[in-house]
Amino acid sequence: MEVEINGIIENVVFQNEENGYTVCTITHEKETISCVGVMPGIQPGEEVEIVGIWTTHNLYGKQIKVNSYSKSLPKTVQGIEKYLGSGSIKGIGEKLANRIVKQFGLDTLKIIETEPIRLAQVTGISKNKAISIGQQFHDQYELRAAMLALQEFGITTTYAVKIYERYGSECVEVIKNNPYKLADDIIGIGFKRADEIAKQIGIEKNDINRIRAGTIYILNDFATSGHTYCPKDTLLTECRKLLEVPPELIEHALLDLNIEKRITIKSYDGQVAVFLKNYYRYEENIAYRLIQLLSIKQSPIKKDFEMQLAQTEADLKINLVDEQKEAIRCVLEHGVSIITGGPGTGKTTTINALLDMLKKQRIEFMLGAPTGRAAKRMSETTGELAQTIHRLLEINFVNEGQNRQYFNRDKDNPLETDILILDEVSMIDVNLMNAILNALVEGQKIVLIGDVDQLPSVGPGNVLKDIISSGRIPIVKLTQIFRQASQSAIIRNAHKINKGEYPISNEIDSDFFFLRRPYADDVKEGLVHLIKERLPKYKSLDIIRDIQVLAPMRKGALGIAELNKELQQALNPPAKNKPEHEYRQNIFRKGDKVMQIKN
């Protein structure tokens, strides 16, 4: 239940300058109350009205979690002195604050705002310092006014801080003129939230800014689903559904966006495709750079290639089949090459043989993969250093608090290697492939390894499949399933599914089995029994480290939220020696298995 409390800021314990998160105490009816929440710019001595809910912190006890607040300048001599002496204005400490208030009394803040030069009458304040104090006070007043004005639009304090940082004193004017700019400029505010603000202001449905923003929103939504473009017919249909405006207005918006080069419109095989500008540019550059690297004339393969290959086989104690040998030859003969194949077809053995030959020829190489897990696996199977692609390219951020990123490695600062070998390429999207190719120069080689039948990247594009489909890049497809791999029902069934055949399950001593349960509760019960009893006996598996549960949905009786609660209760029940923390209706307990899902 929300409460409203009026009081005076007694002390600011902590304040994050970037997002405004604050821990403070306020005095209310002679009682000191702890408050936490986003309250940018508050200072001791200010009067505040806080709206929030009472909570109890494990360490700090009762406190108010602030949902919204408003504040005003102090109205007493003591409050003004405390405010000025808090450090809120640079150059004023407690002693100087005392002298200023003694000089001007209750008129102090009015004088700082309207006649700051008069502060020079106080010992220790020069004319320049007086002007600086007045400017700082003005900036703080501007922030306070902006926060109050933005709250009237229903904008939370967290986003109000971001908006003020982006637009400054013009933030209210920007929103009134075109609230849809928020969707372009402020991370976390999308089209739908901007549309709600627009309705409050009274902006009409047919407003061109609304239609343009809605069009970009739908294209971004398609990109989130993995697509680099949207067919124009589909885009028009989705825009009509979302915006409820005539199609000719959408066509007009598309024309404007195309002229401004925010989108690119192209025709392919009788279909009109609409791209967001960057995705078209990425795809165009990927194609150009691949052809450019491929066109560089390579040194002829050595005459003793077969002899060197035989030596590698002897050194590694392996026997390569013809298609594996062809894959190694392909890499050595071309600037760009692809090695693809399903599970168990010998991709890892091929890579190891290739690396052995490269080392013998003193050819430098780098190994990379799109995820940390894939890079770790590559290191384990090759015995060589493999890194995530982001680390290879030396990722950096424009601002620590933002998601905008760039790579230090590019055409002006390329990777220092002869051959770049990338695994799990099916997981690479157009953004990352574009960055990779920009970090290579003529004469360097790139080898793309992956299984085209695996799921495509989460981000936009189906890079590996599209490159293979182009028919322009040399490719070797490994098809032979090796004896050890063929003993795994998982691998055999993966190939069966690719061929459109029904998988085989429940063989004796199999690693692939299917359990049918009619009801959700039976599924949960069976899952707990599998993890606690049956699976640990299979190859002595650790129930936490070695077993991972996948579910196809988030919500519902068998969604990941419910399954996690069930598994937590069974595998890591509450105990006195296990601290807990509740966050968004989830309990996190010491000993829980957690997954990091965002860098």
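**Reading the predicted chain**

Modeller: In this predicted model, 57% of the chain's contacts with a separation of 6 or more join residues 24 or more positions apart.

Colleague: What makes a pair of residues a contact?

Modeller: Heavy atoms within 4.5 Å.

Colleague: How does the radius of gyration of the chain stand against that of a compact globule?

Modeller: A compact globule of 599 residues would come out near 25 Å. This chain has 32 Å. Its C-alpha atoms fill a box of roughly 95 × 60 × 55 Å along the principal axes.

Colleague: How many helices and strands are there?

Modeller: The chain has 23 helices and 18 strands. Buried residues make up 39% of its 599 residues.

Colleague: Why is Pro-300 called exposed?

Modeller: Exposed means over 50% relative accessible area. Pro-300 has 74%, so Pro-300 is exposed.

Colleague: Where is Pro-300?

Modeller: In the loop between helix 12 (277-295) and helix 13 (305-316). Its C-alpha atom is 48 Å from that of Glu-260, 40 residues away along the chain.

Colleague: Why does Cys-239 count as buried?

Modeller: Buried means under 20% relative accessible area. Cys-239 has 0%, so Cys-239 is buried. Cys-330 has 6%, so Cys-330 is buried too.

Colleague: What makes the phi of Glu-244 worth a look?

Modeller: Most residues other than glycine have a negative phi. Glu-244 is not a glycine, but its phi is positive, about 55°. Glu-244 is in the loop between helix 10 (232-243) and helix 11 (247-259).

Colleague: Why is Glu-244 called exposed?

Modeller: Glu-244 has a relative accessible area of 52%. That is over 50%, so Glu-244 is exposed.

Colleague: What is the phi of Lys-317, and where is Lys-317?

Modeller: Lys-317 has a positive phi of about 55°, although not a glycine. Lys-317 is in the loop between helix 13 and helix 14 (322-333).

Colleague: Why is Lys-317 called exposed?

Modeller: Lys-317 has 75% relative accessible area. The value is over 50%, so Lys-317 is exposed.

Notes. Residues are numbered from 1 along each chain as its sequence is written. This is a predicted model: local features need pLDDT of at least 70, side-chain atom pairs count only at pLDDT 80 or more; totals for chains, interfaces and linings use all residues. Side-chain values use heavy atoms; hydrogens and water are left out. Helices (H or I, at least four residues) and strands (E, at least two) are DSSP runs, numbered from the N terminus. The radius of gyration is taken over C-alpha atoms; the globule rule is 2.2 Å times the number of residues to the power 0.38. Buried means under 20% relative accessible area, exposed over 50%, partly exposed in between (1.4 Å probe, protein chains only).
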